[in-house]
Amino acid sequence: MCGIVGYIGYRPVVPILIQGLKRLEYRGYDSAGIAVLDDRQQLHVIKRAGKVNDLATTVESLPIPSTIGIGHTRWATHGVPNDTNAHPHTDQDRRLALVHNGIIENYQAIRTQLLREGYQLKTETDTEVLTVFIRSFYDKVGDLREAVRLALAEVEGTFGIAIVSPLEPDLLIAARRGSPLLIGLGNNENFVASDAAAVIQYTRNVIFLQDNEISFIQQGEYEIRTIDNQPSAPEIFKIEYDLEQIEKGGYEHFMLKEIFEQPTTFRDACRGRILLEDGNVRLGGLRPVADKLQRAQRLIFTACGTSWHAALVGEYLIEDLARIPVEVEYASEFRYRNPVLSKDDIVIAISQSGETADTLAAIREAKLRGATTLGIVNVVGSTIARETDAGVYIHAGPEIGVASTKAFTSQLAVLSLLAIYLGRMRHLSPEDGRTLLRELQAIPEKIQQILQQAELIQHVALQYKDAANFLYLGRSYNFPVALEGALKLKEISYIHAEGYPAAEMKHGPIALIDENMPVVFIAPRDELYEKILSNIEEVRARGGKIISIATEGDHKIADVSDHTIYIPRTLPYFTPVLSVIPLQLLAYYIAVERGCNVDMPRNLAKSVTVE
Ligand code: M6R
């Protein structure tokens, strides 16, 4: 969701805020704004609908001498994205400015109370209500820190906030409940940000605020307390990734860069975890729950979006290789549907960001019901990583493109390792383990071979850029890939697309097939190959256009397809890692041909921290 950045120190604040917002823009891009205090302690608020670049153009013409301020890039929840609803918000006589990520659920009740007390509100947003609510407490207690604390104690919902105020011009306040926020610790300067991308240019030392914590930050010091006024003992983390990992590095889009990073990121996900001689896997993060995993009678994956598709592949992998029953749950459904869980169950959250509200809530629900919880997460130190009993990082590095690509293949790498690890705890022989692991080690090179076909895929994309609909069909391990291919296309090109198990086509979707319908078949040479060929014939008979993802050397399929994109041969368990790559590229090139903003698709945000 939205991105927050704040700074207090000795450098000019405006360029720091604008640069930080650019780095956070993938979190929300409806509108952007900053609030800074100048050297005469005057508050300046500049905000507007549109992208951070629009804001940057405006502020460049208004040089403001300032070393303290906050900024925000928004993904609208309450109120349309326009200049007025953009953050920061202020109270009526601009004694404080606030940026907010999250949703204040009881804002209507607070709003009514404020209007009754004579306060004025000029926007439709819950954030303005929160700002004025804090002001109303300040009017009662005359202390800004206490006012923030008292207001937040009465607020229901989620928030990550940052505040500056002429009332205390040397103070930056940040607080969180449910929306991620960190403090970047510099030398005689400090930062606040929704994620580390906004601060690593200046510092790698960060503190992740916990739920219900408030921090009072000054140039050379900070204090963290809970909303009920207890002191907190913060832990300082070191951010491991480099600045160049969050820059485009010569690629036109982050998405393309991240697609091309996959040979490396897949290798990174496996690094240090493959024990080839033993035919086994080392997953250090799971050591504390090894006994439980050995006894597990079932596993439940919970996730959203692309991570949910990875979970579906995980189900196939673990049931095949470890023979443990697996269920896969949409986190948003699982959390509300009274699931039957016991202390013997292991619930595994998969999440790139580690902050997705539904996935986090599902894990909390599972914990309440006594289950063991694990996380397969990318962002180190994220809430899901911290709140689960144990877990495995996928080490994909920062993923900036809103459409998830490298995180998906890294999730599949970790799920493959997990399946082998669980299998070796049970019946899987060391020899079988070695065969699987050798093949996993060969995957990065095979991904590389597919990436070399980017031009061919771009050529296919050109021919279908004006299609109104797409169908993606796959069987077994490649059914989740069909779902993922369709999601990628929908997200970034706005073409309606659906993924189905190929055999389900004849139960309904076949009615959609005519000469205008492109159908993508994921049809590697596996034991269901002949079956999927029959499905291709069914589409051909109705004039549909066929794009096949096939195993190299398979000429038979080329005869019945309009286009064939080849992937190298691999074991069936690992085909999704390869077959998804052409689908990512196909979606990418179609979106580019249609002139869509690939890295910031409309209405989306990178991490969904609201319900
Ligand atoms: O950060 P998470 O993996 O928990 O995010 C889950 C989904 O929001 C995410 O995968 C979303 O579907 C992406 N936009 C897919 O490209």
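Mentor: Asparagine 338 is found in the loop between helix 10 (331-334) and strand 19 (346-351), where helices (H or I, at least four residues) and strands (E, at least two) are DSSP runs numbered from the N terminus. This is a predicted model, in which local features need pLDDT of at least 70 and side-chain atom pairs count only at pLDDT 80 or more, while totals for chains, interfaces and linings use all residues. Residues are numbered from 1 along each chain as its sequence is written, and side-chain values use heavy atoms, with hydrogens and water left out.

The backbone of asparagine 338 has a phi near 55 degrees, a positive value in a residue other than glycine. Asparagine 338 has a relative accessible area of 57% and is therefore exposed, given that exposed means over 50%, buried under 20% and partly exposed in between (1.4 Å probe, protein chains only). Histidine 395, also not a glycine, has a positive phi of about 55 degrees; its place is the loop between strand 21 (390-393) and helix 13 (406-425), and with a relative accessible area of 39% histidine 395 is partly exposed.

Another loop, the one between strand 4 (66-74) and strand 5 (89-90), holds proline 88, which is joined to histidine 87 by a cis peptide bond with omega about 0 degrees.

Turning to the helices, helix 3 (residues 107-116) and helix 4 (residues 126-141) pack at an angle of about 50 degrees with their axes 10 Å apart, the axes being lines fitted to C-alpha atoms over the stretch in contact and the angles running from 0 to 180 degrees between N-to-C directions. Helix 3 and helix 4 are therefore oblique to each other, since angles under 35 degrees count as roughly parallel, over 145 as roughly antiparallel, 65 to 115 as roughly perpendicular and the rest as oblique. The contact (heavy atoms within 4.5 Å) is made by residues including Tyr107, Ile110 and Leu114 of helix 3 and Val129, Val132 and Phe133 of helix 4.

Finally, a search of the whole structure finds zero disulfides, a disulfide being a pair of cysteine sulfur atoms within 2.5 Å. For cysteine 2, the nearest cysteine sulfur is that of cysteine 304, 18 Å away. Cysteine 2 is buried, with a relative accessible area of 6%, and cysteine 596 is buried with a relative accessible area of 14%.
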